Structure formats: C-alpha cells, structure tokens
Amino acid sequence: MITKNGFHYWAFSTFLLSITVLSIIFLNLINKRKSISKNLKNLPPSPPKLPFIGNLHQFGSLVHQSFYLLSLKYGPLMILQLGEVPWLIVSSSDMACAIMRTHDSIFASRPSIVVTDIIRFKDVAFEPYGEDWRQLKRIFTTHLMSNKMVGSYKTVREGEINTLVRKISNHASLSNGGPIELTSLFFSFMTCLICRIVCGKFVLEEGRYHAFREMVEETFSLASRFSIGDLFPSMPWMDALIGLSRRANKNREKWDRLLHEVIHVHIQRGESDGCQEISFVDMLLSLRNDATINVELTTDRIKGLIGDAFAAGIDTTYITLDWAMSELLKNPKEMKKLQEEVRGIIKHNNIVTSEDLAKMDYLRAVIKETLRLHPPLPLLLPRESMEECEINGFTIPKGTKVIINAWAIGREAKSWEAAEEFMPERFINSQVEYKGNSSHLIPFGAGRRICPGIAFATTTSELVLANLVHNFDWELPEGMTIDEFDMSESPGMSVHRKDSLRLVVKHILASN
Ligand code: HEM
C-alpha cells in the first residue's frame with residue numbers, strides 16, 4: 001500500500017523522471033535539428049520534392065536521361081529523393097573524378113540493393129568494400145581477366161568468332177536478302193564465349209548453355225530496376241506482396257542448383273580428363289589449396305566469382321557490339337572508313353586475329369566512341385560513402401548512396417566537341433583511355449571499383465566488329481532510310497537498343 005508520503009515520493013520521482021526523459025528527447029531533437037540543418041546547409045541542391053515520393057515523379061523510364069536533364073538545372077552534384085532515400089547524382093567529369101579518384105577510398109563501397117542481395121553469392125561486384133572484396137577481386141583479376149589470361153583465350157575466342165561468321169555467311173547465302181537478327185546472335189556468341197572460358201567446353205556440349213542463357217536473361221530483368229523496398233525501406237513487405245522477393249529467391253535457387261552442378265561435375269572429372277581448356281572453375285578449385293590466397297575459397301565464394309563473370313561480362317559486351325553496328329549503319333562514311341582500314345590490313349585471310357588488332361587505330365576509336373555515347377551501364381554500379389567528406393564545398397554525409405551518370409559525362413559539352421555526334425576520329429592521336437587519368441570516358445568506372453574486364457571486353461568487341469566489317473557489307477532492311485533507323489534505348493540497368501538489330505548482309509568476300 002502506498003502511504004501519503006510514499007505517494008508523494010513516487011509521484012515526485014515519476015515527475016522528475018518524466019522531466020529528465022522529456023528534456024533528453026527535447027535536447028536530442030534540438031541537436032538533431034541542428035545537425036540536420038548544419039548538413040542541409042551544405043548539402044548539394046535538390047529539385048523540389050513531393051511528400052512521400054520525393055523526386056520520383058520527375059523522371060521517366062530512361063532514368064539516365066532524366067537525371068541528365070535535371071543536372072542541367074541543378075548542377076553536377078545534386079541530391080534526388082527517391083522515395084524515402086536520398087541519392088547523390090554525379091553528372092560531370094570533374095565531380096566523377098572527385099568521387100572515384102580523389103576520394104576513392106571513401107566511395108569504394110556498394111549499397112545494399114534488395115534484389116541483388118537476394119540473388120548474389122559472395123561476389124566481387126556487389127560486395128561492400130573490405131578485405132573479402134579485396135581478395136575476391138584479386139582472384140578475379142589475376143586468374144580470369146589479367147592481360148596474360150585474356151591472351152590465353154585466343155583460341156577459344158577465335159573459334160567462337162569463326163562460328164559467328166559461319167552463321168552469318170549461311171544466312172547470307174540462304175536468305176535471299178532477308179535481314180538477319182544480330183542482337184540475339186551477339187548474345188549467343190557472348191554466352192558461349194563466357195561459358196567456355198569459365199566452365200570449359202564440355203559444359204557447352206552437355207547443353208547447359210541454354211540454362212545459363214535463360215538465367216542471365218532472368219537475372220538482368222530482375223536486377224534492372226529499383227524495388228519498392230529500395231525506395232521505401234520502411235515497407236520491405238511490399239516486395240513480397242507483389243511477388244518480387246519470390247521471383248528473386250527462385251532465381252537464386254536456380255543459380256545455386258546450376259552452379260552447384262557445374263562445380264560438382266568439375267570436381268568429379270578433375271583437371272586431368274584430357275580436356276585441353278583449363279577453365280576458371282578448374283582454376284578456382286585448384287586455388288582452394290593455395291597458400292598464397294588469403295581468403296578461404298568456400299563454395300559460396302566460388303559461386304559468386306562464377307556468377308560475376310556471367311552477370312557482368314555477357315550483357316555489357318554484346319550491348320557494345322549492338323550499338324557499334326547501329327552507329328556504323330547510321331553513319332555510312334564511318335563504316336566505309338573502318339572497312340577500308342580493316343580490309344587494307346587483312347588482305348589474304350578472311351578471319352581477323354588478335355595479332356592484327358594492334359594496327360587498327362580506327363577500329364579502337366570506333367569502340368571508344370560507341371562506349372562514350374552508349375555506355376552499357378549508363379549509371380555504372382552504385383557506390384556508398386564510408387565517411388563524411390566535402391566535395392566542391394558541399395558536405396556529403398557518411399552512408400550517402402551515389403550514382404555516377406557516365407551517359408551524361410559522355411555528352412559533357414566542355415569535354416566533347418559536337419558531343420551528340422558519332423565521330424571516332426576524336427580518339428585518333430588522343431590520350432584518352434578507359435583507365436586514363438581523365439574522367440571523361442568512364443564506361444568501365446574508375447578507381448578501386450573499376451571493371452576488371454576492360455581488356456577482355458575491348459579485345460572481344462574489336463575482334464568481332466573487325467570480322468563483321470571485313471567479311472560482309474551491311475545495309476538497313478529494304479525500304480528503311482537512315483532517318484527511319486531507330487536508335488531508341490530501352491529502360492534498365494544495362495541499356496539495350498529498344499528494337500533488336502536487324503540488318504541485311506549484302507556482300508560476302510569472295511574467299512568465303
Ligand atoms: C563493355 C563491357 C563492359 C562494361 C561497359 C563494363 C562496365 C562495368 C562498370 C561500369 C562497372 C562498375 C565500375 C565502378 O563501380 O566504378 C563494372 C564492374 C565490374 N565488371 Fe565490368 N564491364 C564490362 C565487361 C566486363 C567483363 C567482360 C567482365 C568479366 C567477365 C566484367 C566484370 C566486372 C566485375 C567483376 C565488376 C565489379 C568490380 C568491383 O566492384 O570491384 N565486366 N563493369
């Protein structure tokens with residue numbers, strides 16, 4: 001029972017406690033407000049927002065183009081509120097340089113993304129910055145994508161190019177001038193090539209190619225958008241409600257089964273099964289006992305590394321081929337110049353080989369110009385800051401999610417004359433390289449997170465393109481004028497042509 005005094009004592013202490021708690025909350029609020037307004041004062045500008053959706057209403061399905069238009073008004077560093085989450089959008093080469101070079105160590109992490117978090121194994125591309133990522137990237141770069149390894153894929157690459165050229169020749173001789181669908185040919189070519197390098201020829205022979213192709217298509221369609229959970233983290237259940245989480249989990253299970261089977265088959269066959277091609281999977285399995293590797297190569301990590309090669313290597317490279325051919329058809333003078341270069345160098349053979357590429361400056365310029373105008377990942381891959389820092393007088397808080405608009409940077413008026421035009425000549429005698437110190441040409445990103453597949457992707461694209469323009473003449477489908485040839489983009493994380501590329505193969509070299 002509470003006495004009168006006791007009651008007073010209880011009431012008084014409750015009163016004191018309440019005052020203390022309220023004061024703490026009040027002081028906290030004031031402090032928070034102070035720190036928010038301190039940060040707000042220095043934050044990059046933002047377009048006006050609507051309640052709840054933020055700036056989501058200000059862009060259409062081609063997000064990189066909408067970001068570009070907004071950046072013309074709000075500047076090269078702007079904050080867009082995507083639902084509940086603020087994102088820093090970077091749209092100039094100077095600001096990209098500040099993020100990916102000057103402050104690279106701060107911006108080298110990746111944010112969590114709902115779908116990729118479900119689908120991925122322990123991989124390189126989406127692993128947050130840290131020792132695990134460092135070790136996995138070293139393995140990926142040294143044992144799959146080093147210049148030496150890229151050189152060693154010569155036979156496989158040229159074999160697949162031969163098959164591609166044969167398919168096109170057959171079409172040309174049988175089709176009576178009907179158009180050939182190049183987009184799906186490029187996709188098949190890249191899937192076969194990556195399959196052979198990563199898993200070995202026998203995987204292709206055993207029909208798993210179709211399974212990989214299906215998986216890559218499904219993964220890209222899933223990973224190509226922000227989920228509701230990314231935009232509104234307070235409502236993660238929405239993704240389950242609309243079935244996205246179930247689709248992503250199903251995709252993960254399918255990858256798991258496929259990769260498990262590939263690893264299991266490799267372990268059973270061993271390296272000494274008489275197959276001449278030592279694949280990336282063989283290499284990874286042998287590295288499990290290598291004392292120089294500073295990370296345990298668990299099955300999850302091996303799956304992650306294989307998954308990266310498929311997810312990062314196929315789509316990006318075949319998109320480059322699609323856009324390069326499209327630009328050459330849209331610009332016949334440039335096509336002629338390229339054919340003259342290639343045919344001038346390759347006089348007697350009908351297959352261009354890796355050794356011939358060194359002499360083809362215009363060809364290299366065509367691929368660079370294609371990647372400037374059509375970076376396959378126009379917004380690169382997202383980054384996240386690990387500390388607060390200051391850029392261009394603005395405060396960028398720790399944990400800021402960052403998008404770098406390579407598509408906009410490829411069109412920046414101060415870096416590129418007649419930026420919208422396809423002019424490969426601009427790269428002849430120019431110092432601009434993908435890995436160079438400038439941040440004008442960044443289709444592969446830059447800094448610690450730079451794409452490890454540059455040498456592989458550029459050699460492969462150059463070689464395919466050289467063979468296509470050397471062996472064949474190309475025209476638009478009958479009745480279509482250059483002005484009618486549609487160069488529209490389709491929405492997504494990787495940006496394809498809206499329509500698949502259909503062209504007429506007009507003439508085949510006599511030697512074929
Ligand atoms: C034209 C073809 C390609 C393009 C345009 C491209 C573009 C990119 C871009 C923009 C990034 C993010 C870079 C950043 O955050 O700064 C990236 C990362 C990556 N790419 Fe590529 N890529 C291509 C081909 C390849 C190939 C052939 C492979 C391997 C088979 C590959 C493997 C990777 C990996 C593993 C990462 C993650 C790197 C990391 O997070 O540290 N890419 N790529």
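## Tour: the ligand, its iron and the strands

Start at Ala 446: one of its backbone N or O atoms lies 3.5 Å from an oxygen atom of the ligand. This qualifies as a polar contact, meaning a pair of N or O atoms within 3.5 Å; within protein, one atom must be able to donate a hydrogen and the other to accept it, and residues adjacent in sequence count only if both atoms are side-chain atoms.

You are looking at a predicted model, in which local features need pLDDT of at least 70 and side-chain atom pairs count only at pLDDT 80 or more, while totals for chains, interfaces and linings use all residues. Residues are numbered from 1 along each chain as its sequence is written, and side-chain values use heavy atoms, with hydrogens and water left out.

**Stop 1**

Select Arg 383. An N or O atom in its side chain is 2.6 Å from an oxygen atom of the ligand. Now pick Arg 110, where the corresponding distance from a side-chain N or O atom to a ligand oxygen atom is 2.9 Å. Helices (H or I, at least four residues) and strands (E, at least two) are DSSP runs numbered from the N terminus.

**Stop 1: the iron**

Which protein atom donates to the iron atom of the ligand? Select Cys 451: its SG, at 2.3 Å, is the only protein donor. Donors are N, O and S atoms within 2.8 Å of the metal (3.2 Å for Na, K and Ca); water is not among the atoms, so sites may look incomplete.

Cys 451 sits in the loop between helix H19 (406–409) and helix H20 (454–471). Cys 451 has 28% relative accessibility, so it counts as partly exposed. The cut-offs are under 20% relative accessible area for buried, over 50% for exposed, and partly exposed in between (1.4 Å probe, protein chains only). An unreviewed UniProt entry lists Cys 451 under "binding site".

**Stop 2: the mixed sheet**

Show the open sheet of four strands, in the order S1-S2-S7-S4, with mixed pairing. Its edge strands, S1 and strand S4 (383–384), each pair on one side only. Pairing needs at least two DSSP bridges between two strands.

Select strand S2 (residues 85–90). Five of its six residues are buried, so S2 is largely enclosed by the rest of the structure. Strand S1 (residues 77–82) runs antiparallel to S2 over six bridges. Find Leu 82 opposite Val 85. In the two-residue hairpin link, Gly 83 takes a positive phi near 70°.

Turn to strand S7 (residues 401–404), which pairs with S2 in the parallel sense over four bridges. Trp 87 stands opposite Lys 401, and Ile 89 opposite Ile 403.

**Stop 3: strand S8**

Finish at strand S8 (residues 472–475). Phe 472 and Trp 474 make its covered face, Asp 473 and Glu 475 the uncovered one. Side chains in a regular strand alternate between the two faces of the sheet. Strand S9 (residues 502–508) pairs with S8 in the antiparallel sense over four bridges. Asp 473 stands opposite His 507 in S9.

Methods: UniProt positions renumbered as here; feature names shortened; annotations may be inferred.
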